Amino acid sequence: KNGFFTYDPGFMSTASCESQITFIDGGKGVLLHRGYPIDQLAEHSDYLETCYLLLKGELPNQEQKQHFVQAVKDSSEVASSVANLIQSFPKEAHPMAVMCSAVAALAAVYNDEIDITKEADRDQTAYRLIGQMPTLAAMTYKHLKGEDFVASNPALDYAANYLNMTFGKSTDDKVSPVLAKAMDRIFLLHADHEQNASTSTVRLSGSSGTNPFAAIAAGISTLWGPAHGGANEAVLNMLEEIGSVDNIDTYVAKAKDKADPFRLMGFGHRVYKNFDPRAKVMKQAADEVLSELGLENDPLLAIAKKLEKIALEDEYFIQKKLYPNVDFYSGIIMKALGIPTEMFTVIFATGRAVGWYAHWDEMVSKPYKIGRPRQLYTGYTQRDYPA
Ligand code: SDX
């Protein structure tokens with residue numbers, strides 16, 4: 001009860017509330033996946049092991065991990081109908097538009113094979129989604145670049161396989177372990193984040209009993225926006241527009257001017273009113289990757305670090321509790337990996353697919369009701385049509 005309306009657990013507690021997957025304490029900058037802190041997972045785990053944790057609630061033993069990794073590899077091939085759909089799009093299409101369509105098309109490919117009341121069907125759907133997201137992402141990139149697709153290579157680990165399908169010229173190309181580790185950590189850091197806008201979309205959409213791939217496609221649509229997952233692309237565009245550390249003060253002033261709609265991309269968060277723990281890990285990864293690639297003097301990194309320092313010491317940002325979020329440094333790493341800015345949110349969606357799915361699976365694996373958020377009506381009370 002908050003004075004406006006009573007809290008009705010009936011409609012809130014199914015599609016959009018109760019969960020055991022991820023815990024966030026926005027005031028303390030805490031992010032736990034099934035109880036494990038994100039920085040410990042980023043240091044000791046890898047993306048597929050974290051996928052298993054998010055889906056099953058416990059870290060896998062060696063045998064469980066091998067079975068899960070193999071099941072994902074075995075499910076990573078994309079149907080020719082979906083490959084043809086990707087190739088039907090104009091080269092100037094935004095890759096997120098292609099990904100929305102391609103993932104929704106998986107509902108057409110597998111619809112007759114999914115009984116969402118059966119755990120085995122839900123597990124197989126998870127393998128297909130996690131296995132095919134990088135393949136779809138790579139196909140999208142290759143098509144928009146006008147290059148031939150490179151097939152998935154089961155001999156490569158998940159992130160290395162994605163990099164090879166995207167940037168390789170043949171299935172057997174070599175992939176730098178440094179780049180593969182950085183890519184895997186980016187997927188891991190984006191895996192889940194409680195009930196953000198896109199995850200809430202997936203849960204609400206899924207609460208009608210729709211096909212899980214269709215619900216995930218709805219999540220991709222939501223993530224695309226610059227206020228959400230599209231921010232990583234916006235951060236790079238902003239850093240490039242700032243162009244020099246000498247221009248930072250001008251942009252900080254713009255961001256503080258209420259009359260100016262400009263906001264510092266990569267800063268602020270709906271929940272974190274302290275630092276975003278993912279941003280700390282991402283900043284460390286950016287330092288490591290760029291120095292390993294000999295790019296430690298990357299001008300964009302210099303602008304990002306100076307901008308962060310100025311913002312963290314600025315009274316406005318302190319008072320508004322605005323800190324760098326997950327998107328602030330991720331784009332710098334992805335740029336160093338050779339990924340074009342328009343693909344940044346596709347990478348975010350590829351990593352987040354498991355989080356969306358874990359929330360959907362958690363909801364449909366026990367009795368649930370369709371979500372029905374209510375509004376706060378501020379319109380006319382009843383009135384009669386003029387005689
Ligand atoms: C993600 O929810 C999740 O978990 C999302 C996510 C995930 O993993 O799924 O973490 C991923 O979406 C991260 C956020 C990425 N977006 C950006 O980096 C875009 C830039 N940031 C903002 O647009 C903004 O901070 C939001 C959208 C993230 C939050 O906006 P809110 O809800 O308006 O933030 P707020 O209520 O905390 O704002 C407090 C004040 C406001 O000013 P007043 O109305 O009090 O005068 O701070 C201002 C805001 O206008 N403000 C900013 C700002 N963000 C908020 N001012 C300048 N620059 C900013 N970036």
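The space taken by the ligand is the largest pocket, where a pocket is an open set of points on a 1 Å grid over the protein atoms alone with protein on both sides within 12 Å along at least five of seven lines, and a molecule sits in it if more than half of its atoms lie within 2 Å of its grid points. The structure is a predicted model, in which local features need pLDDT of at least 70 and side-chain atom pairs count only at pLDDT 80 or more, whereas totals for chains, interfaces and linings use all residues. Residues are numbered from 1 along each chain as its sequence is written, and side-chain values use heavy atoms, with hydrogens and water left out.

Around the ligand there are 25 residues, of which His193, His269, Arg270, Lys273 and Arg278 come nearest (a residue is near if one of its heavy atoms lies within 4 Å). The protein buries 80% of the 1,000 Å² that the ligand exposes when taken alone, as computed by the Shrake-Rupley method with a 1.4 Å probe.

The chain as a whole has 18 helices and three strands, these being DSSP runs of at least four residues (H or I) and at least two (E), respectively.

How values were computed:
On a 1 Å grid over the protein atoms alone, a cavity is a set of points where a 1.4 Å probe fits but cannot get out, and a pocket is an open set with protein on both sides within 12 Å along at least five of seven lines; lining residues have an atom within 4 Å of a point.
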